[in-house]
Every structure is written in C-alpha cells, then in structure tokens.
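This report looks at how parts of the fold pack against one another. The sequence and structure come first.

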Amino acid sequence: MGGDPLASAWFTALSVSFPRGEDFFIATLRAYRGDLPPRLAADVRAFIAQEANHAREHTLFNRLASEAGYDLTAIDARLLAFIAETSATSSFVNLVVTACLEHFTAIIAHDVLARPDTFTGVAPEVLALWQWHATEEIEHKAVAFDTWMYAARRLSRWRRWKIRCLIMLKVTALFVSHRTRDALELMAQDGVTGHTAKRQLRRYLWGRDGALRRLVPAWARWFRPGFHPWNGQDQARIQTAKIEAIA
Ligand SMILES: [Fe+2]
Ligand SMILES: [Fe+2]
C-alpha cells in the first residue's frame, strides 16, 4: 500500500480474510439455491461465480503478501477455526451472518471506489484488484440480503428486524476485533509493536476520517426498519467503474 505500514497491515488483514470468508458465503447461499424464485436463483448463481473469482484472486494477492515477508499462517488458521465454528450453527444463521458481512463488504467497496486517495502510490495491478472486487461487491450487494428476506418471509417484520440487527451487532464486534488483531499481528511483523502499534492503528481506523470511522453512517443504515442494500446511491458509481474498466 504505497509503503504505508498501517494501510498495508489493514488491507492485507482484509485480503487474508476474503478467500475463506467467500468460500463460506458460497456454501451458505448454495444451501438455499434450490428453494428460490428463478430470478433470485439466477442472482445467486452469478454471486457464487463472482465470489469464487474474488477468492482466487485474493489467494494470489495473499501469496504476494507472503512472498513480501508477511507470515499469514496464524491468521489463516484462526479464520479456518472460526468459520468452522460459525458454519456449525444453522443454515439460517449462516445466511444472516452472510447478509451482514455482505453489508460490510459493500460499504468498504463503496469507500474503495469513492476514495482513490487511499491507494496513492499503490501498484496499478493491486489497485485494479481492489477496484474490480469493490465494483462486483456493489453489483451483488443485495443478493445475500434478498435471499435472507426470502428465507425469512414467514417471520413477522418485527422478528426479521430484531434478528438481523442483533446478529449485525455481534458480527460487527467480531469483524472489527478480529481484523484489528490480525492487522496488529502484521504490524508487529513490520516491527511496530506494543502501545505504539495500538495507538497508530486506532488513529488509522477510528481517528478523524479513519478507515472504519468514516464507514459508520453507511453501516448504521442497516438498523433502519425498511433497510435494503439498494436504498443507497451506488448504481451510478458501479456504472462509472464499469465504463472506466472497459475504457
Ligand atoms: Fe467478494
Ligand atoms: Fe460479496
């Protein structure tokens, strides 16, 4: 990330979580594929194809990070154990967790496309990877949510709202604490440790215009009773990104 140890640790921590996370999303939606109306089933098939491609490309990115000197084995082992534990709950819980994490990826994706300054000095292929992934995350950002709404269609609106909000709070706490821990581990490998590392990362994520702090308003939209991922303004942004990619 242009030589910035904080951004490098943060984006590598995100990337390391993607292949296993995306495998989990694919397995979760695959379990529902047969029961969906045809249009949603087609969306799920396209979603699965996109996530499989992301997992493949981020595996390559993670290999580059390993070759550059990061040891990712402990982070990957924790992810594997954590995902195995989550997967063992129920397909319904896995679906809500997937919809929550897809909200996370969609708002991070929006930020990646809206804030190219984050990637100043980054190698063009690495920038292209993040922008391509971000564009596709926005493109399919409602698929897990719509699948969950369909699976939960017999529940009352109030119960649906309560379940997705409670699970979002838990998913948020775990996502933020796990990625922070992973980023600190990578910073330690770069020689930044102890209080200094914690202070620097806290400022990077939560300080004024911090990488996570600036996502809070978009994150909070999830808690509105009538929330749907396409309530935002992203259509124009992915059209622009696609046109630029073609050009
Ligand atoms: Fe993805
Ligand atoms: Fe996704």
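## Helices α1 and α3

The axes of α1 and helix α3 (residues 73–87) come within 10 Å and cross at roughly 20°; axes are lines fitted to C-alpha atoms, for helices over the stretch in contact, with angles from 0 to 180 degrees between N-to-C directions. Helices here are DSSP runs of H or I with at least four residues, numbered from the N terminus. Angles under 35 degrees count as roughly parallel, and α1 and α3 are therefore roughly parallel to each other.

On the α1 side the contact is made by Val16, Ser17, Arg20 and Phe24, and on the α3 side by Ile75, Asp76, Leu79, Leu80, Ile83 and Ser87. Contact means C-beta atoms, placed from the backbone, within 7 Å. By class, 6 residues of this contact are nonpolar, 2 polar and 2 charged.

## Basis of the model

This is a predicted model, in which local features need pLDDT of at least 70 and side-chain atom pairs count only at pLDDT 80 or more, while totals for chains, interfaces and linings use all residues. Residues are numbered from 1 along each chain as its sequence is written, and chains are lettered from A and ligands numbered from 1 in the order in which they are written.

## Nonpolar cores

The largest nonpolar core has 27 residues, of which Leu29, Val96, Ala99, Cys100, Ala144 and Trp148 touch the most other members. Such a core is a set of buried Ala, Val, Leu, Ile, Met, Phe, Trp, Tyr and Cys residues joined through C-beta atoms within 7 Å; buried means that 20 or more other C-beta atoms lie within 10 Å of the residue's own. The largest share of this core, 11 residues, comes from α4.

Apart from it lies another core, of 21 residues, including Met1, Ala65, Ile75 and Met187.

Terms used: A residue is buried if 20 or more other C-beta atoms lie within 10 Å of its own, exposed if 12 or fewer, and partly exposed in between; C-beta atoms are placed from the backbone. Helices (H or I, at least four residues) and strands (E, at least two) are DSSP runs, numbered from the N terminus. Angles under 35 degrees count as roughly parallel, over 145 as roughly antiparallel, 65 to 115 as roughly perpendicular and the rest as oblique. Two residues are in contact if their C-beta atoms, placed from the backbone, lie within 7 Å. Ala, Val, Leu, Ile, Met, Phe, Trp, Tyr, Cys and Pro count as nonpolar, Asp, Glu, Lys and Arg as charged, and the others, Gly among them, as polar.
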